[in-house]
Amino acid sequence: VPQRAPLIEFVGATGGRQFRALVRHGTGLTVETLRLRPIAPRQVVVRTQAVAPCYTIVRDALATTPAARASVPNHCGFGVVDQIGPDVRRVNVGDRVVVAGTSQCGVCYQCLHGRPDYCQFTFGGDQFPPIADMLDGTPVYAQAGIGGMSELMSVYEEYCVPVFTDVSAGELCLLGDQLASGFAAGQSLLHFEPGSDVVVFGAGPVGLGAVQAGRVT
């Protein structure tokens, strides 16, 4: 059974648990001890095991401009489900899950018309309430409703994809955004066809995902 991060304290059934997270606040970027807020009925608490930073967070991570509110960066991650709300149906406590940058609600127009990659629930993070508080009471939000650079992620079940494999957390976390983005570019946007010649410029996580999309076509 995966071990819990050493600084996590179990204070209550829902809220009050202390954990550490990278927090962007003001013109700073620091590791802070936070207190988890109670979760909503469809939210899931995930104990983070690995996270791959998205290239898009570099500007915020440099902390060169004032942040409008305190938030945990990154919009993907991987870990083990530690707690679920009463209305959660997709995952169970103990499941290994990829927390994806794109949700799949299954009920919006896009999901019902075969385009879950355009799920209308995605990036509703600006509408989501804070997930935790700093020790001085400052509310802390999760970027895009996920905030992967944290010992705990408090996310809606629409972002959680359970996986049943012994592949390492370090590899699986790439499926939340980077590798998946490159793969989706070939499969969902460019629609690689058998026999096509494909050129990929750059073989980082995104480029390797595009290579895999060509390989399985």
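User: What makes a pair of cysteines a disulfide, and how many disulfides does the rule give here?

Analyst: A disulfide is a pair of cysteine sulfur atoms within 2.5 Å. In this predicted model, that rule gives a count of zero disulfides.

User: How do you know whether Cys-76 is buried or exposed?

Analyst: Buried means under 20% relative accessible area. Cys-76 has 0%, so Cys-76 is buried.

User: And is Cys-105 buried or exposed?

Analyst: Cys-105 has 15% relative accessibility. The cut-off is 20%, so Cys-105 counts as buried.

User: Why is Phe-128 called buried?

Analyst: Same test. Its relative accessibility is 14%. Buried means under 20%, so Phe-128 counts as buried. Phe-128 sits in the loop between helix H2 (109-112) and strand E7.

User: Which residues is Phe-128 in contact with, beyond four places in sequence?

Analyst: Phe-128 contacts Phe-121, Tyr-141, Ala-144, Gly-145, Tyr-156 and Tyr-159. Contact here means heavy atoms within 4.5 Å.

User: What makes up the lining of the largest pocket?

Analyst: The lining has 32 residues. Thr-102, Asp-117, Ala-180, Ser-181 and Ala-184 lie nearest the pocket's centre. Helix H4 (178-189) gives the most, with nine residues. Strand E10 (160-163) and helix H5 (205-216) each supply at least two. By class, the lining holds 16 nonpolar, twelve polar and four charged residues. The space in the pocket is about 900 Å³.

User: How confident is the predictor in this protein, by mean pLDDT?

Analyst: The mean pLDDT is 86, on a scale from 0 to 100. Of the residues, 92% reach 70 or more. Among the elements, strand E7 (residues 132-134) has the highest mean, 97. Helix H1 (residues 58-61) has the lowest, 77.

User: Where does pLDDT stay under 50?

Analyst: Over residues 1-12. The model has 25 contacts beyond four places in sequence for this stretch. Where pLDDT is low, the predicted coordinates should not be read in detail.

Methods. Residues are numbered from 1 along each chain as its sequence is written. This is a predicted model: local features need pLDDT of at least 70, side-chain atom pairs count only at pLDDT 80 or more; totals for chains, interfaces and linings use all residues. Side-chain values use heavy atoms; hydrogens and water are left out. On a 1 Å grid over the protein atoms alone, a cavity is a set of points where a 1.4 Å probe fits but cannot get out, and a pocket is an open set with protein on both sides within 12 Å along at least five of seven lines; lining residues have an atom within 4 Å of a point. Grid points are joined across faces, edges and corners, and a volume is the space filled by probe spheres set on the points. Helices (H or I, at least four residues) and strands (E, at least two) are DSSP runs, numbered from the N terminus. Ala, Val, Leu, Ile, Met, Phe, Trp, Tyr, Cys and Pro count as nonpolar, Asp, Glu, Lys and Arg as charged, and the others, Gly among them, as polar. Buried means under 20% relative accessible area, exposed over 50%, partly exposed in between (1.4 Å probe, protein chains only).
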